[in-house]
Amino acid sequence: MLSAGALRAHLLDARLAGAVATTREKSLERYRLFAAGDPRVLLGLVPEAEWTVPRLLGLMAGACGVSADPGRVAGPETIDPERTVAALEAFAERLGRAARDRVPVLLGTGHPDRLLGFYAPLARALSAAGCPVLTPAQGRRVDITTRFGVRPHRIRYVQGVALIHEEGVRTGSAAPGAHSHSPLPVRAVLDAAAAAGGPLPELVVGDHGWLCGAGQLGIEAMGPADADDPAAFVAQAEGRVRVVIPVDDGASPDRYLPLAGYVLNRSHLSH
């Protein structure tokens, strides 16, 4: 298993932290859209406070490690690997407690082609520890707004992790589902679980709309977020998301396996 130092080295080598693939231009544009209340970047969150671009920049500098300099408007974005490791420690502590208490857990991702490398090992370990890993709403239709208009999608589970795929689009192991920021899938899953008489998740592990959508509904949630996803960090700052792991979310799935291994070791779930 990786030590904290080896994990930091991996984060930098894989460009999951340090200078990442996300650009400063994209981050600043997302901050402007969030400040304007654009639902595409709110990820299901309804902020309690007013978040101006300068305030968001200060938050993201403190929580994620981006440059606080408003004059820096181009180039690669930065994520502080120390903050990533600290968040993984907090994430592991909460995951380990969930496993010991055997609470129902839901895992879901809007980045199935990337982050399954992180979530799938967690789902397996939680299940092996006796946690109910929930899979409600299998096959349920959810209409998602895309850049091509509203498109029908279906909820499915891959290795215990919820995701969506667009109807009529062939899926495979290389691309198991669709990229999405929408909170509608997690709402549909929770509705289906409630309609079936439960159980409801006591913890949601996910990103994008799965993370913020669950937190907005009052369900404890935690997961990774990139430097251009301010909604997750605002949700954490406002107390609606427990842990946000600052990390680039666009790398290949294998790059996240060491992070999952580190979490499982620190949470005493590795075998």
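Biologist: How many aromatic pairs turn up in a search of the whole structure?
Modeller: Two. Rings of Phe, Tyr and Trp (its six-membered ring) pair if their centres lie within 6.5 Å; planes under 30 degrees apart are stacked, over 60 edge-to-face, and the rest tilted. Phe91 and Phe118 make a tilted pair, 5.6 Å centre to centre with 50° between the planes.
Modeller: Just so you know, this is a predicted model, where local features need pLDDT of at least 70, side-chain atom pairs count only at pLDDT 80 or more, and totals for chains, interfaces and linings use all residues. Residues are numbered from 1 along each chain as its sequence is written, and side-chain values use heavy atoms, with hydrogens and water left out.

Biologist: OK, and which ring pairs with Tyr119?
Modeller: Phe118 does, edge-to-face, at 5.6 Å centre to centre and 65° between the planes. Ring pairs join Phe91, Phe118 and Tyr119 into a cluster.

Biologist: Are Phe118 and Tyr119 buried or exposed?
Modeller: Both are buried, and Phe91 is buried too. Buried is under 20% relative accessible area, exposed over 50%, partly exposed in between (1.4 Å probe, protein chains only).

Biologist: New topic: what lies over the face of Trp51?
Modeller: Arg55, at 4.0 Å from the ring centre. The cut-off is NZ of Lys or CZ of Arg within 6 Å of the ring centre and within 35 degrees of the ring normal.
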